[in-house]
Amino acid sequence: MTSTFSIVPLIRQPQMIADLADLLIDVVANGGSVSYMHPLAPQTATAFWDASLAAAERGERIVLGARVGEVLVATVTLLLDCPPNQPHRGEIAKLMTRVSHRGQGIARSLVLEAERLAIDRGRTLLTLDTAAEEGAAGFYEGLGFQKAGVIPDYAFKPHGGLTGTIIYWKRIGGADRSGLAGPTEAGILTT
């Protein structure tokens, strides 16, 4: 059954942090490789999302959520706080969908919205990584991401055992950056 969902930027408030923490705990418990081990303590999940939404308040990232009614069922983060020599790049992180809502196009819509927001902010390149085992490689390739390579034994899976990570990239916004001289001290690209 397909659910009607809405995608919104998430703000730092106690109920949102609690909803995100619950989602993170659920995804990790179901094997999602998103930097944490199972069992994930609620206070650890809460601290992560509090810090993440604080970074969003500072403009360092955008945290999007997908809701079905009042229930948060998925999220993705667009990281924007890149080094000074990478003002053209953003990174997709923490894409998570509740098992009960997978296969309905929610994750795809979240990534496409993150991509649109990156373009709106002048970004021309997105990067990401995903677990080599039980990760979302096929999903990202279906969205046009290109595989850069695999790093073996990169991290532990939530229930134990090492897995590699696959690094992906995607040019966005239709810009060909090959003719650019690079960033100036003010962070403005020059030709």
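**Strand pairing, cores and backbone geometry**

Strand β6, residues 146–156, pairs with β7 in the antiparallel sense through seven bridges. Within this pairing, Gln-146 has Trp-169 of β7 as its bridge partner. The two strands β6 and β7 form a hairpin with five residues between them, and Gly-160 in the turn has a positive phi of about 105°. Strand β7 (residues 162–171) also pairs with β5 (residues 125–131), again in the antiparallel sense and over seven bridges. Here Ala-131 has Thr-165 of β7 as its bridge partner.

The model is predicted. Its mean pLDDT over the chain is 92, and 91% of the residues reach 70 or more. Over residues 183–191, however, the pLDDT is below 50, and this stretch has 17 contacts in the model beyond near neighbours in sequence.

The interior may be considered next. In soluble globular proteins, nonpolar side chains tend to be buried together. In this model the largest nonpolar core has 26 residues, and those with the most contacts inside it are Leu-78, Ile-92, Leu-110 and Phe-145. Two or more residues each come from β2 (61–68), β3 (71–79), β4 (89–97), α3 (106–120), β5, α4 (137–142) and β7. Of these elements, α3 gives the most, with seven residues. Apart from this core lies another, of 20 residues, among them Met-16, Ile-17, Trp-49 and Val-63.

Leaving aside neighbours within four places in sequence, Leu-110 is in contact with Ile-7, Leu-64, Gly-65, Ala-66, Ala-74, Thr-75, Val-76 and Leu-95. One of these, Thr-75, is found in strand β3. Thr-75 has a relative accessible area of 0% and is therefore buried. A polar atom of the Thr-75 side chain lies 2.6 Å from the backbone oxygen of Leu-64.

The structure holds five aromatic pairs. The ring centres of Phe-139 and Tyr-140 are 5.2 Å apart and their planes stand at 70°, so this pair is edge-to-face. Tyr-140 also pairs edge-to-face with Phe-145, at 5.8 Å centre to centre and with 80° between the planes. Together with Tyr-168, the residues Phe-139, Tyr-140 and Phe-145 form one aromatic cluster.

The peptide bond from His-38 to Pro-39 is cis, with omega near 0°. Pro-39 is placed in the loop between α1 (14–29) and α2 (42–57), and Ser-35 is found in the loop between α1 and α2 as well. Ser-35 has a positive phi of about 85°, although it is not a glycine. Its relative accessibility is 66%, so Ser-35 counts as exposed. Asp-153 likewise has a positive phi, of about 50°, without being a glycine. This residue, Asp-153, belongs to strand β6, and its relative accessible area of 53% makes Asp-153 exposed.

Terms used
Residues are numbered from 1 along each chain as its sequence is written. Side-chain values use heavy atoms; hydrogens and water are left out. Two strands pair if DSSP finds at least two bridges between them. Helices (H or I, at least four residues) and strands (E, at least two) are DSSP runs, numbered from the N terminus. pLDDT is the predictor's confidence in each residue, from 0 to 100. Contact means heavy atoms within 4.5 Å. A nonpolar core is a set of buried Ala, Val, Leu, Ile, Met, Phe, Trp, Tyr and Cys residues joined through side-chain atoms within 4.5 Å. Buried means under 20% relative accessible area, exposed over 50%, partly exposed in between (1.4 Å probe, protein chains only). Rings of Phe, Tyr and Trp (its six-membered ring) pair if their centres lie within 6.5 Å; planes under 30 degrees apart count as stacked, over 60 as edge-to-face and the rest as tilted. A polar contact is a pair of N or O atoms within 3.5 Å; within protein, one must be able to donate a hydrogen and the other to accept it, and residues adjacent in sequence count only if both atoms are side-chain atoms.
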